[in-house]
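Please read the following briefing alongside the sequence and the model.

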Amino acid sequence: MKKQLSIMIALVVLAIGIITSCKKDPIPNNNEQNNEQPSDTIPSGNDSIPNGNDTIPVVIDGIRFGDTTGMKVTTYNTIMEFDEGRNPIILDLNNGGIDDIKIETFYDGPLAIGEFQTLTLHCLNDHTELLGDSIVKESYSHRETTYDTIDDYIVITHAYTFSTCETIEENDPVNTSKVFEVFANDYDNAFGAEDHFQTGEAVLFRENVKYSLANPGDEIVDVNYYNNIYDCWNFPTDEEKYIGFRITKNGNSRYGWLKIKLHPTWGGKVVDTELIETAIQK
């Protein structure tokens, strides 16, 4: 009887073991089982969650500019000179077969004074956003008028100054403009999903412009001098700076940066644009 009982207990234990071994392994939480899309994520170290053939980086502490851990980095030896309006820098940042960013220099201005340089950064699709924001900025206007007599002519001179930096006199008019500004970041600055990204077009540099227009009459000559100062709205020059970006497709976001340097030339009036590197999450 004891021998039969021992055999029965052994059979029960064996059956339990067989049932347990037939259970499936736990299903990994890869957002495919419940059709959920991952939120904006940024790598820290090499942590990642498998998702088909891709990886979704895990958010820990965000990205730091210049830290190449978990990043695909492409270096360049590219300088776009100030007059290369027909040769912009165009980048497919994620190798997705679609151009994402364009850096372009072009010239525009009133016919009376000729053209002056404007350097712009464009997002070329709705998937690409830049680390920046639409900011309300102040500019200031100032006018001085003088009267002279030259050879029986009365010369009335108006000197107009438009400045993005400061007022000349306390009561000068103040103007406000909403400007999309990309942030100029330094090495080791941090950024992440909580920061503001925006698609669109940003002006990186605008050339300061001075010109004059004269309107002679029979007895009076009107002369207008114009001085437009854009320095305080321009991207920093002669320094290596980082511009952050985010590319989002199918609910997944990848973060990265452009590393550029604007080189002043022609006495600092205009700039050449050097692209040093790009980086994007692997």
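Two strands are said to pair if DSSP finds at least two bridges between them, and the strands themselves (E, at least two residues), like helices (H or I, at least four residues), are DSSP runs numbered from the N terminus. This is a predicted model, in which local features need pLDDT of at least 70 and side-chain atom pairs count only at pLDDT 80 or more, whereas totals for chains, interfaces and linings use all residues. Residues are numbered from 1 along each chain as its sequence is written, and side-chain values use heavy atoms, with hydrogens and water left out.

**Overall make-up**

- The chain has 1 helix and 18 strands.
- Of its 282 residues, 35% count as buried, where buried means under 20% relative accessible area, exposed means over 50%, and partly exposed lies in between (1.4 Å probe, protein chains only).
- The accessible surface of the chain comes to about 17,300 Å², and 48% of this belongs to carbon and sulfur atoms; such areas come from the Shrake-Rupley method with a 1.4 Å probe, and for residues only the protein chains shown count as cover.
- Among the contacts in the chain with a separation of 6 or more, 61% are accounted for by residues 24 or more positions apart, a contact being heavy atoms within 4.5 Å.

**Strand β18 and its partners**

- Strand β18 (residues 270-281) has 11 of its 12 residues buried, so it is largely enclosed by the rest of the structure.
- Strand β4 (residues 71-80) pairs with β18 in the antiparallel sense over 8 bridges, and within this pairing Met71 has Gln281 of β18 as its bridge partner.
- Strand β17 (residues 252-265) also runs antiparallel to β18, and 10 bridges join the two; here Leu262 has Thr273 of β18 as its bridge partner.
- β17 and β18 form a hairpin with 4 residues between them, and Trp266 in the turn has a positive phi of about 55°.

**The four-stranded open sheet**

- An open sheet of 4 strands has the order β5-β6-β7-β13, with antiparallel pairing.
- β5 (89-91) and β13 (201-206) stand at the edges with a single partner strand each, so one side of each is left without a neighbour in the sheet.
- Neighbouring strands of this sheet are turned by 25° against each other on average, direction ignored; the axes behind such angles are lines fitted to C-alpha atoms, for helices over the stretch in contact, and the angles run from 0 to 180 degrees between N-to-C directions.
- β5 pairs with strand β6 (residues 101-108) in the antiparallel sense over 3 bridges, and Leu91 stands opposite Ile101 in β6.

**A surface patch and a buried threonine**

- Tyr147, Ile154 and Ile220 form a nonpolar patch on the surface, with about 310 Å² of accessible area together. Patches are made of residues with over 30% relative accessible area and no salt bridge, like charges being joined within 9 Å and nonpolar side chains (Val, Leu, Ile, Met, Phe, Trp, Tyr) within 5 Å.
- Ile220 has its place in strand β15 (residues 220-229) and counts as partly exposed at 39% relative accessibility.
- Thr157, in strand β9 (residues 153-163), is buried with a relative accessible area of 14%. Leaving aside its neighbours within four places in sequence, Thr157 is in contact with Glu144, Thr145, Thr146, Val223 and Tyr225.

**Salt bridges**

- A search of the whole structure finds 7 salt bridges, each being a side-chain nitrogen of Lys or Arg within 4 Å of a carboxyl oxygen of Asp or Glu.
- The side chains of Lys269 and Glu207 meet in a salt bridge at 3.8 Å, N to O. Lys269 lies in the loop between β17 and β18 and Glu207 in the loop between β13 and β14 (209-216), so the pair ties together parts that are 62 residues apart in sequence.
- In this pair Lys269 is partly exposed, with a relative accessible area of 45%, whereas Glu207 is buried at 9%.
- Lys259 and Glu240 form a salt bridge through their side chains at 3.4 Å, N to O. Lys259 lies in strand β17 and Glu240 in strand β16 (residues 240-249), so this pair ties together parts that are 19 residues apart in sequence.
- Lys259 is buried, with a relative accessible area of 14%, while Glu240 counts as partly exposed at 42%.
- Salt bridges that share partners join Asp186, Glu239 and Lys241 into one network, in which the side chains of Lys241 and Glu239 meet at 3.6 Å, N to O.
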